[in-house]
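User: Please give me a close look at a single site in this model and at the parts of the chain around it. One connected account will do.

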Amino acid sequence: MSSPPRAYLLTPAGRGALATIRVEGSRAGDVVRMGFQPAQARIADPLESGRVYFGHWPLEHGREEVVVCRRDRDAVEIHCHGGPAAARSLLEWLSRHGCRIASWSDWIAARSPDAICVEALIELARAPTERVAAILLDQAAGALSREVRAALDALGRGDGATAMDTIVRLVFRQHVGLHLTSPFRVVLAGRPNVGKSSLTNALAGYERAIVFDQPGTTRDVVTALVALDGWPVELSDTAGLRAADGGMEGDAAGDIEQQGIERARKQIESADLVLLLCDASQPWTAADAELLREIPDPLVVHTKCDLPPSPAADRPSGIATSAVTRQGLADLERAIVARLVRDAPSPCDAVPFLRRHVEALNLAHRHIAAGRIDAARAALERIFHPDKSP
Ligand SMILES: Nc1nc2c(ncn2[C@@H]2O[C@H](COP(=O)(O)OP(=O)(O)OP(=O)(O)O)[C@@H](O)[C@H]2O)c(=O)[nH]1
Ligand SMILES: [Mg+2]
């Protein structure tokens, strides 16, 4: 007996103009014929291959308008209204008529050569920028799989050195790869009132954070997702950093500000890059110098460069910006990208983009270094078959 047809909802959850359901299996056409009523009554076969038919599908809530198209012998696509209710009712109907309902990721998995390609296609659906999508598309087309196989082949020939080279090259690319699936995190830090929120807004292109002329305005961490040269970056605007006794008197507002400062410090610790903002229209202070010492490897940004500068011999070099005139913002964006992305992949380069890829590569590296070639091969094989127990 043939297996039951499978029905996949291929379009994402939420509202859209259309939803697409794909029915697959040797009995796909039979099931669709049971429900679909073509608008033109005299059609001999409403599922002639490659043609598109408009009609109705009687469902519990009423007749749903649909477009049906046979894609090949064992696959039919049904397009209905894009709201979740229409697709759900149609899937329920298909389930009642013998179809097995599966997800779009199952559909991808059924036609991809290995787990890496499946994962790349799933992440591709969430890609926030074209640049990210292009790199993921390369991985979906097999770039990472090819390199991992090359390392496996080298191990098969007893050539540990070549395998090691390949693995090291791949692991290095994690710095970019892991940020294809979660953004780089850039924190804007500095003393109160230096213009952190204003610069956040200027980089984001909209009024994300409150700007005010009194120090101590920002308390919580305010984030904004931006794309810099196609790289996804989460900006975190933070509370101005000052000593515990430097803020408002020991009242509730002062306590809240202190909590904000603690949050700012946590953000700084875990950031991919910290921008240390200093007000170029004000003297360079001991507090600025203290922050420069304290924050590891910050990118120094001088703010408010549209105002008359306050000369200071000991002011460190940095990027001059103005949130008002937008002077220096393009330079700042370039400098941020240069610090975050040290080696952008070329087209078709292999890039590990999930933590599990990197962990498996690191494990294989350790095994090769210790002469455990079989264990190294098993670690690499598991990249293709993550469900297999070690
Ligand atoms: N002229 C000029 N004024 C600016 C610029 N950036 C910020 N300001 C002003 O500086 C003041 C403080 O700006 P904010 O962006 O709120 O500063 P902040 O660092 O976020 O302040 P806190 O949240 O209190 O730490 C506001 O009055 C802004 O209008 C700039 O580039 N040029
Ligand atoms: Mg602020």
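Analyst: Ser322 has a relative accessible area of 0% and is therefore buried (under 20% relative accessible area; over 50% is exposed and partly exposed lies in between, with a 1.4 Å probe and protein chains only). The model is predicted, so local features need pLDDT of at least 70 and side-chain atom pairs count only at pLDDT 80 or more, while totals for chains, interfaces and linings use all residues. Residues are numbered from 1 along each chain as its sequence is written, chains are lettered from A and ligands numbered from 1 in the order in which they are written, and side-chain values use heavy atoms, leaving out hydrogens and water.

Ser322 sits in the loop between β13 (319–320) and α12; helices (H or I, at least four residues) and strands (E, at least two) are DSSP runs numbered from the N terminus. Its side chain makes a polar contact of 2.8 Å with the side chain of Asp306. A polar contact is a pair of N or O atoms within 3.5 Å; within protein, one must be able to donate a hydrogen and the other to accept it, and residues adjacent in sequence count only if both atoms are side-chain atoms.

Oxygen atoms of ligand 1 lie 2.9 Å from a polar backbone atom of Gly195 and 3.2 Å from one of Phe212. Taken alone, ligand 1 exposes 650 Å², and the protein buries 87% of that (Shrake-Rupley areas with a 1.4 Å probe; for residues, only the protein chains shown count as cover).

There are 22 residues around ligand 1, and Lys196, Ser198, Gly216, Thr217 and Ala323 come nearest (near means a heavy atom within 4 Å). By class, this shell holds eight nonpolar, 10 polar and four charged residues. Ala, Val, Leu, Ile, Met, Phe, Trp, Tyr, Cys and Pro count as nonpolar, Asp, Glu, Lys and Arg as charged, and the others, Gly among them, as polar.

Leu329, Leu332, Ala335, Ile336, Val337 and Leu340 are buried in α12.
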